[in-house]
Amino acid sequence: MATDTVIDCGGIGKRYRRSWALRDCHLAVPAGHVVALVGPNGAGKTTLLSLAAGLTLPSEGAMTVLGDQLPGSPRALDRIGFVAQNAALYPGLPVRDLLAIGRHLNRRWDDARARDHLDGLGIPLERKYGRLSGGQQAQVSLALALAKRPELLLLDEPLAALDPLARHDFMSALLTAVAEDGLSVVFSSHAVNELEQSCDYLVVLAGGRVQVSGEVDDLLADHRMLTGPTAEADAVAERLPVVRDRRAGAQSHLLVRTGGVDAPVSGGWRQQRIGLEELVLAYLREPAASALPGPRGAVRPNQKVLS
Ligand SMILES: Nc1ncnc2c1ncn2[C@@H]1O[C@H](COP(=O)(O)OP(=O)(O)OP(=O)(O)O)[C@@H](O)[C@H]1O
């Protein structure tokens, strides 16, 4: 069955006692992407992933996954793999037993695939999970999640505890699975310097709301870093939506949204496209700015766009 969106929510909210972890959260993530979910500590990333996995219920609004499925419904559970933050599997059990548990708990289970994955990395099935290195444990979690043959894989900070080599190995195993199976992936991460090689869709959360959402190529095409004389910076900022404005003496640096074309500025200004890390950092530093699809993301000149 063709699925247009893997996560779709309009105005969803999640409250813990008196504070809102997510509020008025609008998001429609199309299928077929590797989505990086980024945001500062406490932004609501884990909460959003837990809602999509059906581990918790929204306090307001509704979410669907994989088209029109309710999170947590039997059909959604069958088709979604979830690896929680610091996924602690039973440390005293050998990997072989973890595979057996997965086999018994899942209707769609590809044991050979999990064994091949672990065999390829030299991870012995008889070794107790708690005796594996952090990188090996992460690979076991990934192998178990992929053995479900999920259409959507949700990963909560899978890279957090891994050294650079283990991160590289993890992402390469993940991207191989994406290429082979065509599954959609949503993973939260603070490793903004590593996103460009791995994701093609970006969601930034800030204060429980969606701040940025879109395909990476479109977002990068939509932004320019302008560097020019501070004396003219106000005039430029009046004509273009500014994400970040840095005045450094006689020179100013304005990150602006241009709608995918070069900014109409005088010859005294230099304009450059930016990379994904720079874009993410700019939005993290400016939580009041946003880049969203559709009418909510429409920008008016001379304004930071409020979500
Ligand atoms: N079970 C809970 N009970 C009470 N408050 C919670 C609970 N889970 C999350 N919160 C609060 O909800 C907000 C969002 O938390 P969440 O864990 O979703 O953020 P996050 O973006 O994943 O953060 P981090 O990057 O630190 O993992 C935070 O203020 C957090 O303290």
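Q: How many of the 7 residues of strand β12 are buried?
A: Happy to start here, with the note that this is a predicted model. A residue is buried if 20 or more other C-beta atoms lie within 10 Å of its own. Strand β12 covers residues 251–257, and it is largely enclosed by the rest of the structure because the number of its residues that are buried is 5 of the 7.

Q: Which residue in β12 is the bridge partner of Thr227?
A: Look at strand β10, residues 223–229, which runs antiparallel to β12 and is joined to it by 7 bridges. In β12, the bridge partner of Thr227 is His253.

Q: Which residue in the turn between β11 and β12 has a positive phi?
A: Strand β11 (residues 242–248) pairs with β12 over 6 bridges in the antiparallel sense. Across this pairing, Arg247 stands opposite Ser252 in β12. The two strands form a hairpin with 2 residues between them, and the turn residue with a positive phi, about 65°, is Gly249.

Q: In β4, what is the bridge partner of Gly10?
A: Strand β1, residues 5–16, runs antiparallel to β4, and 5 bridges join them. In β4, the residue that partners Gly10 is Ala62.

Q: Which helix gives the largest share of the shell around the ligand?
A: The residues around the ligand include Tyr16, Ala21, Gly39, Lys45, Thr46 and Thr47. By class, the shell has 3 nonpolar, 6 polar and 1 charged residues. Its largest share is 3 residues, and these come from the helix spanning residues 45–53, α1.

Q: What distance separates the centres of domain 1 and domain 2?
A: The protein chain is divided into domain 1, residues 5–216, and domain 2, residues 222–297. Taken over C-alpha atoms, their centres are separated by 33 Å.

Q: Which element gives the most to the side of domain 1 that touches domain 2?
A: In the contact between the domains, 16 residues of domain 1 meet 13 residues of domain 2. The elements giving two or more residues to this side of domain 1 are α7 (195–198), β8 (201–206) and β9 (209–215). By class, that side has 9 nonpolar, 6 polar and 1 charged residues. The element that gives the most, with 5 residues, is β9.

Key:
Residues numbered from 1 in each chain as written. Predicted model: local features only at pLDDT ≥ 70, side-chain atom pairs only at ≥ 80, totals over all residues. Pairing = 2+ DSSP bridges. Helix = DSSP H or I, 4+ residues; strand = E, 2+ residues; numbered from the N terminus. Near = placed C-beta within 6 Å. Nonpolar A, V, L, I, M, F, W, Y, C, P; charged D, E, K, R; others polar. Domains from an automatic or database assignment. Contact = placed C-beta atoms within 7 Å. Buried ≥ 20, exposed ≤ 12 C-beta atoms within 10 Å, placed from the backbone.
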